[in-house]
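Please look at the sequence and the structure shown below before reading on.

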Amino acid sequence: MKIKKLFSQKVTRLVTVNKKITYAQAINQGMHQAMQLSSNVMVMGQLIDYSSGVFGTTVGLVDKFGKNRVRDFPVAESLMTSAGIGAAIAGQRVILVHIRLDFMMYSLDAVVNWLSLWRFKSNKESNIPLVIRAIIGKGWGQGPQHSKSLHSWFAHLPGLKVAIPATAFDAKGLLLESVFSEGPSIIIEHRALFGLKDQVPLEPYRVRYGKAIIRRKGRDVTLVSLGYLLVEALKAANTLEKKYGISVEVVDLRTLTPLDRDTINNSVKKTGRLVVVDPAWHSFGAASEIITSIIEKNLKHIKSKPARITLPDSHTPMSKNLEKSYYFGDKKIVSKILKIIKV
């Protein structure tokens, strides 16, 4: 109760001081503040006590809070995740840093068979306040083992919240929200965003799960984006407005589970068209679920066939030239929307 009271006092005050910092710095700031707010918050992960601090996100933590609260681990993802679960059950609030989402797969048993269903198995008598920071790469020759977007996998698991923040503001706010919640969550961070800057409050604050945000208002088509593709979606919306007079409403989901269907539904009722950009494989993904659930409620409002823009059903190539063909950007989004509206 003391932790909740302290944290709520911090975040309900009017926040007036902001600073433009990078996505990585915002995560670092959020981790420092979480550990200051509660002595029960601890960090586990590989290379987290190095001076470079996992792409800059864990810089200074071990110097300020010591090795008892900042626990470096060897390359043993399953062991690390299981240890984090045990610490959380014992009363700690754990931030677990998986430097590569691909290799977090070694801990899949701990995530699927223990973390996600612990509250269910205990009949809500016990919780695991653990947040996993799972980092994925994009571009620069990351290849098939450093760039998988598996958010749909984790969103399929009951009992596990999934966030995909696209801005520095959301990265910090969702981290703090996750740390001080009573259940497990996973925040998927795209390395392509780590250097992007945003205005971020210096004080602690929350960004709630299940609350999408409209980044740009429009009347002709609803464009739903996840993660780093928000940048491309906004570029595409700007081009479509300036060159073709098409008004695009850009919805940033922020979190995949819970999914804010209400915000998307309300937008589609207005625009009559839906396009989803998803940084993952085409088949059986988040884009499919979003389109299906929206169509189930809004079929009578739909003016044209919905579209999903995704990665191809193929592993990520290593070659820089092949990467350019594999990933897509604002030009593909513009082309798809033009076909739908038939300008």
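Two strands are said to pair if DSSP finds at least two bridges between them, where strands (E, at least two residues) and helices (H or I, at least four residues) are DSSP runs numbered from the N terminus. This is a predicted model, in which local features need pLDDT of at least 70 and side-chain atom pairs count only at pLDDT 80 or more, while totals for chains, interfaces and linings use all residues. Residues are numbered from 1 along each chain as its sequence is written, and side-chain values use heavy atoms, with hydrogens and water left out.

Five strands form an open sheet of mixed pairing, in the order 9-11-10-13-14. Strand 9 and strand 14 (307–311) are the edge strands, each of which pairs on one side only. Direction ignored, neighbouring strands of this sheet are turned by 25° against each other on average.

| Strand pair | Sense | Bridges |
|---|---|---|
| Strand 9 (residues 213–216) and strand 11 | antiparallel | three bridges |
| Strand 10 (residues 221–225) and strand 11 | parallel | five bridges |
| Strand 10 and strand 13 (residues 274–281) | parallel | four bridges |

Individual positions can be followed across these pairings: Ile-214 stands opposite Val-251 in strand 11, Ser-225 stands opposite Asp-252 in strand 11, and Leu-223 has Val-275 in strand 13 as its bridge partner.

Is strand 11 (residues 248–252) mostly covered or mostly uncovered? Five of its five residues are buried, so strand 11 is mostly covered, buried meaning under 20% relative accessible area with a 1.4 Å probe and protein chains only, against over 50% for exposed and in between for partly exposed. Val-248, Val-250 and Asp-252 are buried on one side of strand 11, and Glu-249 and Val-251 are buried on the other.

**The helices**Helix 12 lies across strand 13 and strand 14 and runs at about 155° to strand 13, with angles taken from 0 to 180 degrees between N-to-C directions and axes being lines fitted to C-alpha atoms, for helices over the stretch in contact. The axes of helix 11 (residues 261–271) and helix 12 (residues 286–298) come within 10 Å and cross at roughly 60°. Helix 11 and helix 12 are therefore oblique to each other, since angles under 35 degrees count as roughly parallel, over 145 as roughly antiparallel, 65 to 115 as roughly perpendicular and the rest as oblique.

The contact (heavy atoms within 4.5 Å) is made on helix 11 by Arg-261, Ile-264, Asn-265, Val-268 and Lys-269, and on helix 12 by Glu-289, Ile-290, Ser-293, Ile-294, Lys-297 and Asn-298.
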